[in-house]
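Reader: I would like a close look at one part of this protein. Please take the packing of its helices, and go through it step by step.

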Amino acid sequence: MAAVTEEQQDSPMRKSSDQLKEKVSQRNEGVPDDLGEQEDYGPEFLETEQSDILNSSRNVCELLEKIREETEALEEQVVTVCSSVPPKVAAALSAAVEVRCSLDELLQREQLISNKLQQHLQGTKQWMEDLGQTCKHVDFIERSMKYLKCLHHMEELSAAVQQSLMINSVWDAIKGVESMTALDCDLNQSQCSHLRDFLRKTLCFWHNIIKDRLTSDFEKVLAQLQWPVITPNQSVTPPANHQELSSQLEGLLLQLLALQTSDDLISQKASASTQGAPPGSSSTLSPAALPLCLPIQIMLQPLTKRFRYHFYGNRQTNSIHKPEWYLTQVLKWMENSTTFMEEKIQPVFDRSGQTISAKVALCQGLVCLVQEKVASDASRMLYDDGLFCHLVEEVLQFEKDLRSHHSYPAALPALLHILLDDAFLQKWLAVERKMAVEKMDAMLSAEGAWTSQYKDISDMDELKAPECAETFMTLLQVITERYRALPSPAAQLRFFGLQKELVDDFRIRLTQVMKEESRCPLGVRYCAILNAVNYISTILRDWGDNVFFLQLQQAAVSLGQQEVLGSLEMTEVGRLASLEGSLFDGLLSLLDRLKGDMLGRLLHFLMRDTAEKAQPYCQERWLSIPPPQDQSAMSLSSSACPMMLCVRDRLLNLHQVLSVSLFQLAWQGLAEKLDNFIYQEVILSNHFSDGGAAQLQFDMTRNLFPLFGHYCRRPENFFKHVKEACIILCLKVGSAILLKDLLKRSEQETTDFEDPSPESALNELGIFCLAPCDVLILLNLKASFPGI
């Protein structure tokens with residue numbers, strides 16, 4: 001019964017559950033998928049989570065009621081959602097329709113307004129055209145009024161100048177011209193070309209009238225003051241009306257200076273209009289020359305006439321062979337005019353507030369005359385080396401006198417800039433090279449080419465330079481003095497490159513002569529060549545520290561002159577830039593190599609000669625020489641006399657023919673070679689008795705070393721091997737045995753802790769050069785030593 005009852009109870013429950021699922025599924029058909037998924041969750045929940053409740057018979061009614069309530073709530077929500085969506089969409093569509101209607105209405109209004117605007121513009125187009133024409137007409141009338149006002153102002157200024165000149169009021173006329181000059185500057189950017197031309201012509205007209213009047217008066221006053229001063233002895237007695245003339249001179253100078261502005265303007269316009277002239281017509285004139293003031297221009301006129309009268313045309317004074325005539329004359333005019341310019345003209349310039357130097361301005365004007373003349377003559381001398389060379393010399397002398405005697409500023413160019421023209425500079429370099437080569441040929445073939453000019457004056461003949469070397473270096477110095485004053489570092493470096501070529505050429509010539517004389521290195525000519533090489537390298541080293549060549553060095557680095565720098569690496573160029581090296585380093589290395597080679601040949605010849613004379617001494621019977629106590633007095637070994645005489649004679653000969661520095665290198669080199677020779681061929685090749693060792697020491701310390709004592713205080717320091725070998729050979733037997741024992745133990749590394757080191761033991765004996773192994777060899781050469 002119980003089982004039946006449970007089945008009966010379960011069957012309605014299953015029916016209700018199935019009915020619930022069907023209802024939920026039917027409702028889910030009309031709702032969105034996500035809502036359907038939420039509805040499916042109920043049955044699944046009942047089957048999974050509430051299966052224990054469904055299996056029991058309790059609380060079934062409560063569960064059914066709860067499920068009905070939840071189902072009704074879900075149905076209400078679904079109905080609410082489904083009924084709320086269509087009203088929102090409808091509202092949105094309604095709003096869109098209203099906006100579309102409003103937009104159509106606005107477009108219609110815009111089209112209407114646009115049509116009305118086009119009609120209005122069409123109606124006002126003619127009015128705008130008429131108004132534009134009216135504005136253009138008004139603008140034309142306005143510009144015409146300004147044009148007429150400007151023209152009227154010009155006429156007023158012109159009339160004022162004319163009126164001032166009629167009543168002799170020069171200052172008022174000058175003020176009117178200054179106003180015209182200011183107006184001309186204001187109209188400089190104007191496009192009214194006819195107006196500007198009219199103003200310029202009017203300005204030039206009145207300027208020239210005033211200038212001519214002032215020039216005439218100024219020339220009269222200058223004539224009464226005896227200008228120009230042509231000769232230094234010209235009478236300068238002041239006239240009776242000196243005060244009146246001075247007053248007139250000052251007034252005219254001030255008026256001319258006041259007229260300077262308009263004169264500069266007219267000169268600038270004239271120079272601008274002539275810029276289209278054929279090229280080369282004024283290519284040699286100074287580009288940096290400033291215009292001269294009016295008073296100086298007027299004062300130069302009589303001097304210019306004299307200059308052109310004497311030095312142009314067919315006059316005898318116009319000789320292309322004598323440029324010094326007109327150059328000297330101009331310098332004389334400058335000198336003679338100095339007092340007049342400083343006493344009468346310069347004070348007026350100072351009172352007017354001008355910064356002009358009257359003397360310099362006059363010199364500048366005269367230099368312009370000379371520039372034109374030199375440029376004309378130089379172009380005619382390009383094919384005549386003699387004439388061109390003479391012109392260069394005279395131009396250099398003129399430049400020197402102008403700068404030194406007349407205080408001509410370095411900022412103002414004179415004549416040297418003319419020679420910087422490429423054609424003239426190339427010709428100058430070619431002439432310098434040609435003349436230098438000819439002089440080198442002549443100096444090397446001269447009779448006294450290899451003798452010193454100061455051989456009889458010991459105080460002046462330290463370098464013992466032969467005449468050809470001194471002449472060559474003088475030639476280089478003269479070339480340096482010629483191009484030193486050039487205003488262009490690039491041009492100076494070209495001349496420096498020429499000097500380097502000449503030095504290298506002279507070195508090659510010396511090498512060729514040296515090879516011819518190398519058979520007799522002790523000959524006078526060979527030693528003279530060695531002195532020449534040493535002299536040239538000494539002078540070049542001194543030049544490397546000269547300020548002028550240091551400046552050239554900096555210019556070469558900054559300009560990157562390949563002709564001077566050659567193929568130097570960046571590190572070497574950096575050394576030049578930091579002044580660690582010099583421009584002569586390449587030449588000095590070649591000269592030093594030649595000097596070292598010649599010294600080596602000389603020393604080799606000396607040692608070969610000395611070695612021949614020393615052969616009897618090398619074969620001396622050192623073992624049979626009695627001890628010193630058995631001899632009455634010690635004397636030089638007879639077999640050493642030829643060697644000693646040879647060394648003495650060679651040293652005296654070298655001292656007479658070589659310079660001080662070369663002789664020092666020579667005798668020191670000879671001492672070093674002689675030290676090695678005696679040590680190897682005499683000492684190490686023989687055994688010595690006590691008498692032989694004493695005789696060797698006597699020969700060295702009392703005879704050989706003193707030969708070199710004339711040239712240094714301690715000659716034994718240059719014979720270290722021989723000196724120390726004599727010390728070892730002359731040791732007493734006991735000392736020698738102890739020393740040998742110590743040296744042997746040090747070799748076998750069996751020395752006691754208390755034993756001194758071999759070096760300290762040798763140092764106590766005065767041995768600093770020889771090694772312990774060499775000392776052992778020398779100890780074994782002693783005949784009195786046990787075991788010998």
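**Helix packing, up close**

Author: Start with two helices, H10 and H12. From H10, the residues Pro323, Glu324, Tyr326, Leu327, Val330, Leu331 and Met334 make contact. Their partners in H12 are His390, Leu391, Glu394, Val395, Phe398, Asp401 and Leu402. Sort this contact by class and you get ten nonpolar, one polar and three charged residues. Bear in mind that the model is predicted.

Now the geometry. Two packed helices are described by the angle between their axes and the distance between the axes. H10 covers residues 323-351. The axes of H10 and H12 lie 9 Å apart, at an angle of about 10°. Angles under 35 degrees count as roughly parallel. H10 and H12 are therefore roughly parallel to each other.

Next, a second pair. Helix H16 spans residues 489-517, and helix H18 spans residues 547-559. Their axes come within 10 Å and cross at roughly 110°. That angle makes H16 roughly perpendicular to H18. On the H16 side, the contact is made by Pro489, Ala490, Gln492, Leu493, Phe496 and Gln499. On the H18 side, look for Phe548, Phe549, Leu552, Ala555, Ala556 and Leu559. By class, this contact has ten nonpolar and two polar residues, with no charged ones.

Helix H12 (385-405) and helix H14 (422-445) are the elements that give two or more residues to its lining. The lining residues are Phe388, Cys389, Val392, Glu393, Trp428, Val431, Glu432, Met435 and Arg482. Six residues of this lining are nonpolar, three are charged and none is polar.

Last, a link through charged side chains. The whole structure has 30 salt bridges. One of them joins arginine 308 to glutamate 372, at 3.3 Å from N to O. Arginine 308 sits in helix H9 (residues 294-311), and glutamate 372 sits in helix H11 (residues 358-380), so the pair ties together parts that are 64 residues apart in sequence.

To recap the two pairs: H10 and H12 pack at about 10°, while H16 and H18 cross at roughly 110°.

Terms used:
Residues are numbered from 1 along each chain as its sequence is written. This is a predicted model: local features need pLDDT of at least 70, side-chain atom pairs count only at pLDDT 80 or more; totals for chains, interfaces and linings use all residues. Side-chain values use heavy atoms; hydrogens and water are left out. On a 1 Å grid over the protein atoms alone, a cavity is a set of points where a 1.4 Å probe fits but cannot get out, and a pocket is an open set with protein on both sides within 12 Å along at least five of seven lines; lining residues have an atom within 4 Å of a point. Helices (H or I, at least four residues) and strands (E, at least two) are DSSP runs, numbered from the N terminus. Ala, Val, Leu, Ile, Met, Phe, Trp, Tyr, Cys and Pro count as nonpolar, Asp, Glu, Lys and Arg as charged, and the others, Gly among them, as polar. Axes are lines fitted to C-alpha atoms, for helices over the stretch in contact, and angles run from 0 to 180 degrees between N-to-C directions. Angles under 35 degrees count as roughly parallel, over 145 as roughly antiparallel, 65 to 115 as roughly perpendicular and the rest as oblique. Contact means heavy atoms within 4.5 Å. A salt bridge is a side-chain nitrogen of Lys or Arg within 4 Å of a carboxyl oxygen of Asp or Glu.
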